[in-house]
Structure formats: C-alpha cells, structure tokens
Amino acid sequence: MQDLTLEHAFQSKIDADQKIEPRDWMPDIYRKTLIRQISQHAHSEIVGMLPEGNWITRAPSLRRKVALIAKVQDEGGHGLYLYAAAETLGIDRATLIEELHSGKAKYSSVFNYQAITWADMGAIGWLVDGAAIMNQVALCRTSYGPYARAMVRICKEESFHQRQGYEIMLTLAQGSPEQKAMAQDALNRWWWPALMMFGPNDKESLHTEQSMRWRIKRFTNDELRQRFVDMTVPQAEFLGLTVPDPDLKWNEERGHYDFGPINWDEFWNVVKGNGPCNLQRIKARRKAHDDGAWVREAAMAYAEKRKQREVQMGIEHRA
Ligand SMILES: [Fe+2]
Ligand SMILES: [Fe+2]
C-alpha cells in the first residue's frame, strides 16, 4: 500500500516534468535501469578514447594534434561526470569499473571497430559523435536530475567534436583524389556502425517502453536514428561523398529519408564480443587501470595525511 502511494507520487512528478533527485524515493527498477544506462554510457566515453587516442601521435599537423588531444581528453571528462552521476544512485565507481573489465557491463559497440586511416578521425567525429549528440541532446531532459545535468555540459563539448570531425572530412574531400578516396572509404566503413549506435529497432528494444514512461528516454531508437539520417545525408552531399546505401532515398510523402535494412546479425555479433577490437579494447582499459593504481594509492595516502594534519592542528589550536 505504502509502495503504491510512493510509486504514484513518483510517476506524477515525472508526468509533471519534474526531476527525480538522488534522495527522492524511486522504484528499484528505475534505479537499476539508470545504473545500467548511465554506467554503460560512462564506459562508452572511456573506451571511446581508445580508437582516436591511437592517432594522436600520427596527426598530420600540430593543429590537428591539438584538436584531437582536446577531444580525447573531453571524452575522459565525460566518463568522469557520468561515473559520478551513477554513484549518486548508490553504486561505487570501483564496482562499475570491475563490471567493465569483467565483460559484465557493455559499452557502445561502435568502439570495437578499428580506426585504420587518418580519415577515420574525420568519420568518427562527424558520424559517431554526431550520432552521440542526437542521443545526448534528448537526454538533457531525462527525468533523473544528475544525469540530465551531466548531459548539458557534455552536449556543449560534443558539438565541437562533431565539427572537428566534419572539418577533417571536408579538408580531405577537397584534397587530392587519394585524399577524397580515403574520406569515402572511411564513410563506407563508419556509416552502418553509426546507425547501429541507436540500438535495436523499437519492436526489438526491451527497455524502450518502460524507459519512455519514466522519461529516461524521450524519443525511441528509431525516431533518433531517422533524425540522424535526415541530418547527415545533406552533410555527405555537401562533402561530395556517397552514403553507402543503395536504398537511401528522400521520401516526399513522409518528409524523411528512407534507408536500407541494418545488418543486425553484425550488430549482435559485435555486442557479444566478436567485433574486430573487443579483446584489444578491454585489455587496454585493464592495463591503464593497473598502471594507474599507484596514482590512486598516492592520492589516498595524501588525503589521509592531510586529514591527520588537520586533526593535529585542531588539537594544537584548542591547547
Ligand atoms: Fe563524449
Ligand atoms: Fe565526443
């Protein structure tokens, strides 16, 4: 009975578009869904640093290198905001990281593809960050306060990422025939994985209905995917590049682009761990975590020392 009243109050708050805050009562499944979604999002930011991080030393100019370093560093910051938002739900960061390392937690599958040429830095910024923005702009209005607030800040940085990627593509597309071919090849390889980033079709999506009712999600996977296609196709045309989809066509009646079927077998195969880089990515994360252990220990020791000094000074003060 008590729970029913609480649940009613909770849903009314959501329906009135008010935020749920950490100390508010919330149903267990709401909490669990958010922990899963926010931590998956945090892991995606952190693992997402890897494909581009590999290119920092090979950036073709100082300006490109500076922009790429800033971008990769931003992604690390996004991961931190999101781990902190997840921690407000009563789970600690060490547990979340352990779940990533053990393979229990997922991250966006798109980061299991390889970045094999410099043009991939363009395609990733343009398409992968572009798809991320579609998702994240919608999440700025998600019902859980700390998640929504983290998103506002993240979105500002994401639009810089998308532009730096598009500018790389534009430069290559206006360059030599070889450079233009590189840009086209990168678009060919990243187009479909970017569309997959929105997740399964609405019919197949397990969590969509409940998440929409709780306003964790404000739009469905298919709605966001359609927006992304509608926004990105004219950008590809401006570059003079061809989207690798023979079924892509403007549908006058719908006012949207129609596009071909997504290869969901490939998607699930990568999710299950069989993508080109799954093992490599987790190995790199584990190594970074182990190599950084001394930094965490030193920070803890320093904090402890400061605390003791404060206590000591407090005693002397009183004496
Ligand atoms: Fe990000
Ligand atoms: Fe980004």
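## Charges over rings

The charged end of R227 is placed over the ring of F219, 4.2 Å from its centre. R58 lies over the face of W55, 3.8 Å from the ring centre. A charge sits over a ring if NZ of Lys or CZ of Arg is within 6 Å of the ring centre and within 35 degrees of the ring normal.

This is a predicted model, in which local features need pLDDT of at least 70, side-chain atom pairs count only at pLDDT 80 or more, and totals for chains, interfaces and linings use all residues. Residues are numbered from 1 along each chain as its sequence is written, and side-chain values use heavy atoms, with hydrogens and water left out.

## Aromatic pairs

The whole structure holds 12 aromatic pairs (rings of Phe, Tyr and Trp, the last by its six-membered ring, with centres within 6.5 Å; planes under 30 degrees apart are stacked, over 60 edge-to-face, the rest tilted). W191 and F228 are stacked, at 6.1 Å centre to centre and 25° between the planes. W191 belongs to helix α8 (residues 177–196) and F228 to helix α10 (residues 221–239), so the pair ties together parts 37 residues apart in sequence. Helices are DSSP runs of H or I with at least four residues, numbered from the N terminus.

Ring pairs also link F10, W25, Y30 and W214 into a cluster.

## Helix α1

F10, Q11 and I14 of α1 are buried (under 20% relative accessible area, 1.4 Å probe, protein chains only; exposed is over 50%, partly exposed in between). On the other side of α1, Q2 and H8 are exposed.

Definitions and conventions: Chains lettered and ligands numbered in written order. Helix = DSSP H or I, 4+ residues; strand = E, 2+ residues; numbered from the N terminus.
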